[in-house]
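Here is a short briefing to read alongside the model. Please keep the viewer open as you go through the points.

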Amino acid sequence: MQGKLLHINVDQLRLTANLYGDANHPLVILLHGFPDTPRSWDQVYPELVHAGYQVLVPWLRGYTLESVNKNAHYGIASAASDVRAWLQSLNISTCHLVGHDWGAAIAMAYASQHPEHLKSISLLAVPPIPEMQFLYKAISAMPKQLLMSSYMLLMQSKIAPYLLAKNQAKFVENIWKEWSPTWQFSEQDFAATRQIFKQRQIAWAATRYYRNLFAIHQRKNLTANQQLFAPIAVPTLALAGLDDGCMNIKLHRTLAKSQYFQADLNTAYLQDCGHFLQAEQPFEVAAHLLQHFQANSAFTN
């Protein structure tokens, strides 16, 4: 499907996205996560376009060489501001925002900041995050998740960019295998991610998202983290694969069921599916997204 290649300049970075569909149709934004690229949406966005939506598929800042700068910020705060910049560049006031992994965290933060811009949000692989005390209690009751999340500490280390990039991004390939253990992905499936992460500059920028998540001494990061726990008044869909090797599915269910902030929260879990569900089961994911969009097409804050 032919689309338009778009660029915008933000914070002395050149950001890139592809736009598909009719400009008169409602907008959907698809945000990728780590370690991944927008190519994971390649079989999802055509389904959305055929159903009557315009779809923007951005590269997160830091995932293209033109958006890597040692002086730039990489994290929830800056990535959320990039979503606003894309909407402004398109002169569009509302959209359905979909995020996978880091994209899901960005979507939650954006929803707490700018609910007036959103008709819905959809969170893939990462559950809605309730207030801090409930989250800590839930994780402490599931020590398996602490082990599954230990990579987050590694990603903050100085050696992380080297590990991700070396041997043609073999470490990243192993992450894919661990996080999606039932998906027999091909080299073609992984090629775009390998091409990106074998470049040390991009590997460095991608790890900064983790570093800034924990660098709460910086006001920008602290504010962004607080937004993750802020009440969200936007209709929310939480999708996850039952075989996710990154997020303990029991923890996902526990957090999603809390519904402490979200009166309109729907959840769905995909069989024989791991962390990269939009690439593993794109048509199932697209069907759930379309049902969610259509149910909330008239939503206004």
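Two strands are said to pair if DSSP finds at least two bridges between them. Helices (H or I, at least four residues) and strands (E, at least two) are DSSP runs, numbered from the N terminus. This is a predicted model, in which local features need pLDDT of at least 70, side-chain atom pairs count only at pLDDT 80 or more, and totals for chains, interfaces and linings use all residues. Residues are numbered from 1 along each chain as its sequence is written, and side-chain values use heavy atoms, with hydrogens and water left out.

**Strand β7 and its neighbours**

- Strand β6 (residues 118-124) pairs with β7 in the parallel sense, over four bridges.
- Within that pairing, A238 of β7 is the bridge partner of L123.
- β7 also pairs with strand β8 (residues 265-270), again in the parallel sense, over six bridges.
- Here L237 stands opposite N266 of β8.
- β7 itself (residues 236-241) is mostly covered, with six of its six residues buried (buried means under 20% relative accessible area, exposed over 50%, partly exposed in between, using a 1.4 Å probe and protein chains only).
- In a regular strand, side chains alternate between the two faces of the sheet.
- In β7, T236, A238 and A240 point one way while L237, L239 and G241 point the other, and all are buried.

**Helices α2 and α3**

- Helix α2 (residues 76-90) packs against helix α3 (residues 102-113) at an angle of about 70°, their axes being 9 Å apart.
- That angle makes α2 roughly perpendicular to α3 (angles under 35 degrees count as roughly parallel, over 145 as roughly antiparallel, 65 to 115 as roughly perpendicular and the rest as oblique).
- Axes are lines fitted to C-alpha atoms, for helices over the stretch in contact, and angles run from 0 to 180 degrees between N-to-C directions.
- From α2, the contact uses I76, A79, A80, V83, R84 and L87, and from α3 it uses W102, A105, I106, A109, Y110 and Q113 (contact means heavy atoms within 4.5 Å).

**Two residues to look up**

- Q54 has its place in strand β4 (residues 54-58), and it counts as buried because its relative accessibility is 3%.
- Leaving aside residues up to four places away in sequence, Q54 touches L19, Y20, G21, D22, A23, H25, P26, L27, V28 and I92.
- F283 is found in helix α13 (residues 282-295).
- F283 and V44 are 239 residues apart in sequence, yet 6.6 Å apart in space, C-alpha to C-alpha.
- Not counting residues up to four places away in sequence, F283 touches Q43 and E47.
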